[in-house]
Amino acid sequence: MTIIRRFTALILAVGLVGTATAQDGKLKIATIDMQQLFKEYHRTNAAQKQINVERARIQKENNERLARIRELDTELQNMRKQLDDPSISDSKKQTVYRDWQMKQNEGIALDRERREFLQRRNQALNEKMVQRMKGILEEIRKLGEEQAKAEDYDYVFDKSGLSTSQVPFLLYTKDATDITATLLKTLNKDAPTEVEVTEEVIIPEGEAGE
């Protein structure tokens, strides 16, 4: 839930959206569960699947690079055996040693390039993911604000929001109406039938592989 807690504190709390006081002197308050909305919104699930596809592509390319490095390692081991073989002439060993040095340097360069590739691609993917999640969260926030204005709520609070000490911001509200289900129905009204809602929430990761 790291990403949603980070952004709810910044953009998801729907503040004052109506008049400060209702005509009868009683505030009209609603609550929403932003974590549930984010988690069960079909666009979140679709974005998760796309991120997984891109992450798998990175891993595949990484594995291909690793395969070449392992081939070089096998060649280096065979050369080392030749260098340790007393039956091989010194001139032949010198030739083998030069080849061994070249392949060792090649392996070091390939592994450095592979690590730089992983860092670069994963960083770009994580940045893309964060921007996509920001867009989804902003869409949910706007829908919550529109719903609040349409139903003339004075305040709408995110009941899933936590403080820095991991204590809920909203401990108690009297006569508050939870509009989470209504918003979720609106969000998913055009959801493709093949998309299944999961509990998996996108969290920025480190490298896709070593």
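## Asn 78

Asn 78 is partly exposed, at a relative accessible area of 39% (buried is under 20%, exposed over 50% and partly exposed in between, with a 1.4 Å probe and protein chains only). The model is predicted, so local features need pLDDT of at least 70 and side-chain atom pairs count only at pLDDT 80 or more, while totals for chains, interfaces and linings use all residues. Residues are numbered from 1 along each chain as its sequence is written, and side-chain values use heavy atoms, leaving out hydrogens and water.

Asn 78 lies in helix α3, residues 42–83 (helices are DSSP runs of H or I with at least four residues, strands runs of E with at least two, numbered from the N terminus). Between the C-alpha atoms of Asn 78 and Trp 100, 22 residues apart along the chain, the separation is 9.5 Å.

## Helices α3 and α4

The axes of α3 and α4 (residues 90–150) come within 9 Å and cross at roughly 170°. Axes are lines fitted to C-alpha atoms, for helices over the stretch in contact, with angles from 0 to 180 degrees between N-to-C directions. The two helices are therefore roughly antiparallel (an angle over 145 degrees).

## Helix α5

In helix α5 (residues 180–187), the buried residues are Thr 180, Leu 183, Leu 184 and Leu 187. They lie on the same side of α5 because they cover an arc of only 100° around the axis, taken from the directions from the helix axis to the C-beta atoms. Ala 181 and Lys 185, on the other side of α5, are exposed.

The buried residues of α5 pack against β1 (29–32), α2 (34–40), α3, α4 and β3 (177–178), where contact means heavy atoms within 4.5 Å.

Key. Angles under 35 degrees count as roughly parallel, over 145 as roughly antiparallel, 65 to 115 as roughly perpendicular and the rest as oblique.
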